[in-house]
Amino acid sequence: MLYRLSLGSRWYFYLNNFGIFARTGRCGRRGRLDKERQIYYSNKNFRLVEKCGGRIHLRGLENLRDVSGEPVVLIGNHMSLLETALFHAVAREYLDFTFVIKQSLLTVPFFRDIMRSLGAIPVGRENPRDDLRAVLGDGKKVLESGRSIIIFPQSTRSETFDAAKFNSIGIKLAKSAGVRVLPFALKTDFLGNGKYLRDMGPVRPKRGVYFEFAPARAVEGNGQALQQEIIGFIQSRLASWQAMDSEQ
């Protein structure tokens with residue numbers, strides 16, 4: 001009702017989202033962002049999407065359950081800010097995980113507190129060799145501790161998927177650490193990227209939010225076959241979801 005009274009203004013979403021974001025950050029700064037609180041605050045974002053008319057579709061949760069407690073590298077596409085807001089509500093019950101993020105994000109108030117509490121792995125995104133060394137070095141330590149890692153191989157979030165920019169750093173990490181890969185595809189352009197303020201784009205209730213997880217796979221050979229399978233999985237799901245949205 002409040003969202004409707006705001007005439008569908010994007011500011012209803014962003015003001016509420018910032019409140020959740022700030023409380024999560026303060027919790028992380030105090031060292032209290034444990035599993036229960038991670039899920040609690042992420043569920044608040046989940047419900048906020050629904051309050052704004054969004055519908056969230058989840059598939060492949062049985063594949064998360066199958067690797068519960070096993071360290072894996074989760075590899076998928078990156079579309080909007082909504083992913084990190086929802087991922088704990090979707091996957092934290094099954095896996096303890098952290099993210100590979102851009103180094104510059106550690107300067108963002110509250111977000112840096114959240115990511116530091118999660119032990120996120122920062123990369124500069126300027127020198128691929130340095131990024132690979134950081135991910136392989138720090139990533140192997142995280143995986144050896146029993147935690148999983150979420151990697152978005154695209155250089156930045158984008159509403160369109162460009163396979164040429166989807167690098168194989170996640171495959172290399174999984175092979176180096178001797179763990180399996182859990183591919184995922186998502187569509188989160190319910191929340192758009194802004195033209196002038198990138199982090200405050202339009203809210204699109206008619207576009208569904210989709211997460212789908214594929215079965216975990218071991219890396220064989222140089223991993224290129226698996227890399228192409230993941231790209232094909234993401235492309236096929238995006239095409240299907242876009243068709244579903246256009247029918248509504």
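Helices (H or I, at least four residues) and strands (E, at least two) are DSSP runs, numbered from the N terminus. In that numbering, Phe110 falls in the loop between strand 3 (97-102) and helix 6. The model described here is predicted.

**Packing of helix 2 against helix 3**

- Helix 2 and helix 3 (residues 35-51) pack with their axes 10 Å apart and at an angle of about 180°.
- Angles over 145 degrees count as roughly antiparallel, and helix 2 and helix 3 are therefore roughly antiparallel to each other.
- On the side of helix 2, the contact is made by Tyr12, Phe13, Asn16, Asn17, Ile20, Arg23, Thr24 and Cys27.
- On the side of helix 3, the contact is made by Arg37, Tyr41, Lys44, Asn45, Leu48, Val49 and Lys51.
- Sorted by class, the contact of helix 2 with helix 3 has seven nonpolar, four polar and four charged residues.

**Packing of helix 2 against helix 6**

- Helix 2 (residues 10-29) also packs with helix 6 (residues 111-118), at an angle of about 45° and with the axes 7 Å apart.
- Helix 2 and helix 6 are therefore oblique to each other, and their crossing is left-handed.
- Helix 2 contributes Phe21, Thr24, Gly25, Gly28 and Arg29 to this contact, while helix 6 contributes Phe111, Asp113, Ile114 and Ser117.
- The residues of the contact of helix 2 with helix 6 divide into three nonpolar, four polar and two charged.
- Thr24 of helix 2 is part of the contact with helix 6 and also of the contact with helix 3.

**Aromatic rings**

- A pair of aromatic rings is described by the distance of the centres and the angle of the planes.
- The whole structure holds 19 aromatic pairs.
- One of the pairs is formed by Tyr40 and Tyr41, with 5.1 Å centre to centre and 75° between the planes, an edge-to-face arrangement.
- Tyr40 is partly exposed, at 43% relative accessibility, whereas Tyr41 is buried, at 13%.
- The rings of Phe87 and Phe213 have planes at 75° and centres 6.2 Å apart, so this pair is edge-to-face.
- Because Phe87 lies in helix 5 (residues 82-91) and Phe213 in strand 7 (residues 209-213), the pair ties together parts that are 126 residues apart in sequence.
- Both Phe87 and Phe213 are buried.
- Phe87 and Phe213 belong to one aromatic cluster, which includes Phe97, Phe99, Phe152, Phe184 and Phe211.

- Helix 5 is largely enclosed by the rest of the structure, because eight of its 10 residues are buried.
- The buried residues of helix 5 are Leu82, Glu83, Ala85, Leu86, Phe87, His88, Val90 and Ala91.
- Leu64, a residue of helix 4 (residues 61-66), touches Val90 and Ala91, among other residues.
- The contacts of Leu64 also include Leu74, Tyr94, Leu95, Leu182 and Phe213.
- Between the C-alpha atoms of Leu64 and Val90, which are 26 residues apart along the chain, the separation is 9.6 Å.
- Leu64 counts as buried, with 0% relative accessibility.

**Phe110 and its backbone**

- Most residues other than glycine have a negative phi.
- Phe110 has a phi near 70°, a positive value in a residue other than glycine.
- With a relative accessibility of 18%, Phe110 counts as buried.

**Asp131 in helix 7**

- Asp131 is a residue of helix 7 (residues 128-144).
- Its relative accessible area is 11%, and Asp131 is buried.
- Not counting residues up to four places away in sequence, Asp131 touches Val123, Gly124, Arg125, Glu126 and Ile169.

**Gly232 in helix 9**

- Helix 9 (residues 224-247) contains Gly232.
- Gly232 is partly exposed, with a relative accessible area of 32%.
- Gly232 and Arg133 are 99 residues apart along the chain, and their C-alpha atoms are separated by 27 Å.

Technical notes. Residues numbered from 1 in each chain as written. Predicted model: local features only at pLDDT ≥ 70, side-chain atom pairs only at ≥ 80, totals over all residues. Heavy atoms only, no water. Axes fitted to C-alpha atoms, helices over the stretch in contact; angles between N-to-C directions. Parallel < 35°, antiparallel > 145°, perpendicular 65-115°, else oblique. Left-handed = near helix turned anticlockwise from the far one by under 90°. Contact = heavy atoms within 4.5 Å. Nonpolar A, V, L, I, M, F, W, Y, C, P; charged D, E, K, R; others polar. Phe/Tyr/Trp six-rings, centres within 6.5 Å; stacked < 30°, edge-to-face > 60°. Buried < 20%, exposed > 50% of the residue type's maximum accessible area, 1.4 Å probe, protein only.
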